[in-house]
Structure formats: C-alpha cells, structure tokens
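Please keep the sequence and the 3D structure side by side while you read, and look for each part as it is named. The paragraphs below begin with a pair of helices and end with a loop.

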Amino acid sequence: MSDFLLRPFAWSDVPAITQIYRHYVDNTAITFDTEAPGEQGIAEKYAGLLKLGHPVIVAERAGKVLGYAYASFYRPRAAYRFTCEDSIYLDPTETGKGLGKALLTELLVQSKAHGFKQMLAVITADTANSIAIHEKFGFERVGYYKSVGLKFDRWHDIVHLQKAL
Ligand SMILES: CC(C)(COP(=O)(O)OP(=O)(O)OC[C@H]1O[C@@H](n2cnc3c(N)ncnc32)[C@H](O)[C@@H]1OP(=O)(O)O)[C@@H](O)C(=O)NCCC(=O)NCCS
C-alpha cells in the first residue's frame with residue numbers, strides 16, 4: 001500500500017513547489033531555466049495552468065509535498081492546442097520510490113480527459129531516469145536536438161519522446 005496521496009494543486013503548495021523547482025534550476029540541467037522563479041513567479045505560472053484547465057497534480061505524504069506534475073501546451077501557437085508537454089518534479093529525497101510512476105499514470109489519465117491528443121516529453125539527453133520512465137510508459141523517441149541549451153558552461157542536447165493519448 002502506498003503511503004502518499006495524489007491530489008489537485010492547491011495555492012498552499014506554492015512555497016513547496018518553489019523550493020523543489022529551485023533545487024533543479026540551481027543544481028542541474030534537467031530544466032533549462034537558469035534563474036529560479038520565486039513564489040510569485042510560480043503562483044503566476046500555476047494560475048495560468050489552472051485558468052486553461054490543464055492538469056496539475058501534487059503528491060503528498062502527511063501534509064508534505066513530495067512532488068508535482070503538470071501538462072501544459074507544448075507550444076503556444078493555436079494549432080498546437082491538442083499537444084501537451086509533461087513536467088514532473090520530485091523532492092530530490094523522494095526519487096526512485098515509485099512516485100514518478102504514480103504521477104505520470106495520473107497525468108496521462110487527466111491529460112486525455114482534458115482533451116489533449118499527444119504528449120511530448122522534452123528531456124535533457126543525459127537524464128537517464130527520466131528517459132527510462134517515459135519509455136516504460138510507451139513514449140517513443142521521436143527527436144534529438146544537439147547543443148540547444150547552454151547551462152553551467154556546457155552545451156546540452158535534448159531528446160523528444162512522444163505518446164498518443
Ligand atoms: C524523473 C522522475 C520524475 C522519475 O520519478 P521516480 O519516482 O524517481 O521514478 P520511479 O521510482 O517511479 O521509477 C520509474 C521508472 O523510472 C526508471 N528509473 C527510475 N530511477 C532510475 C535510475 N536511477 N536509472 C534508470 N532508470 C530509472 C525505471 O524504469 C523505473 O521503473 P521500475 O522501477 O519499474 O524499473 C524523478 O526522478 C524526478 O523528479 N527527477 C528529477 C526531475 C526530472 O528529471 N523530471 C523529469 C523532467 S520532466
């Protein structure tokens with residue numbers, strides 16, 4: 001039996017989400033943001049997601065936010081409106097325990113229910129566990145882009161994986 005629950009995003013999650021995301025911005029090239037948004041920036045981003053009705057899911061144990069997942073437009077232009085991109089970020093002490101699988105399972109269900117038809121995962125090419133979890137869920141590698149991100153004085157490649165919903 002799992003000791004965590006999945007639930008919709010609540011405004012009280014903003015500080016924890018800000019902290020989790022900051023870890024990955026400051027210490028990794030998993031995200032290509034180079035400056036971590038503060039709580040106001042996170043609140044504005046999530047307000048945008050909620051306004052559009054895009055799925056935003058939080059994993060929680062005993063009131064503590066363990067991680068989160070959301071689906072947002074892959075690209076802003078109108079013809080892309082049925083194509084989403086997923087984002088999943090766990091507290092770094094909570095990886096490798098099955099939480100990512102639980103969040104991605106629920107995100108796929110909610111993204112399909114929302115009306116998205118395709119999901120893209122845009123992943124920094126050396127992030128093996130993120131590529132592995134998407135392949136496990138049936139995502140297919142469809143693209144590879146060389147040296148498109150410069151972070152920590154290094155050029156980073158990205159891989160695109162895609163799944164029809
Ligand atoms: C990527 C991430 C979401 C995966 O979630 P997780 O809870 O750590 O992964 P899970 O324990 O659910 O494992 C899911 C699958 O990923 C793969 N995996 C997990 N850890 C792995 C590792 N260290 N190496 C290779 N594959 C790994 C396995 O296929 C695993 O399935 P299995 O346990 O049935 O073999 C999570 O580690 C994370 O938040 N990482 C940092 C942020 C990030 O990279 N986000 C993705 C960008 S959108």
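A crossing of two helices is called left-handed if the near helix is turned anticlockwise from the far one by less than a right angle, and right-handed if it is turned clockwise. Helices (H or I, at least four residues) and strands (E, at least two) are DSSP runs, numbered from the N terminus. The model is a predicted one, in which local features need pLDDT of at least 70 and side-chain atom pairs count only at pLDDT 80 or more, while totals for chains, interfaces and linings use all residues. Residues are numbered from 1 along each chain as its sequence is written, and side-chain values use heavy atoms, with hydrogens and water left out.

According to UniProt, in an unreviewed entry, the feature "domain: N-acetyltransferase" covers residues 4-165; such positions are given in the numbering used here, feature names are shortened, and annotations may be inferred rather than shown by experiment. Within the span 4-165, 33% is helix and 36% is strand, and its end C-alpha atoms lie 26 Å apart.

Two packed helices are described by the angle between their axes and the distance between the axes. Helix α3 (residues 99-114) packs against helix α4 (residues 128-136) at an angle of about 50°, and their axes are 11 Å apart. Here the axes are lines fitted to C-alpha atoms, for helices over the stretch in contact, and angles run from 0 to 180 degrees between N-to-C directions. Angles under 35 degrees count as roughly parallel, over 145 as roughly antiparallel, 65 to 115 as roughly perpendicular and the rest as oblique, and α3 and α4 are therefore oblique to each other. The crossing in which α3 passes α4 is right-handed. On the α3 side the contact (heavy atoms within 4.5 Å) is made by G100, K101 and L104, and on the α4 side by I133, H134 and K136.

Helix α3 also holds T105, which counts as partly exposed because its relative accessibility is 42%; buried means under 20% relative accessible area, exposed over 50%, and partly exposed in between (1.4 Å probe, protein chains only). Although T105 and V14 are 91 residues apart along the chain, their C-alpha atoms are separated by 23 Å.

Most residues other than glycine have a negative phi. F152, however, has a positive phi, near 55°, and lies in the loop between β6 (140-151) and β7 (154-164). D153, found in the loop between β6 and β7, has a positive phi near 60°. At 49% relative accessibility F152 counts as partly exposed, whereas D153, at 78%, counts as exposed.
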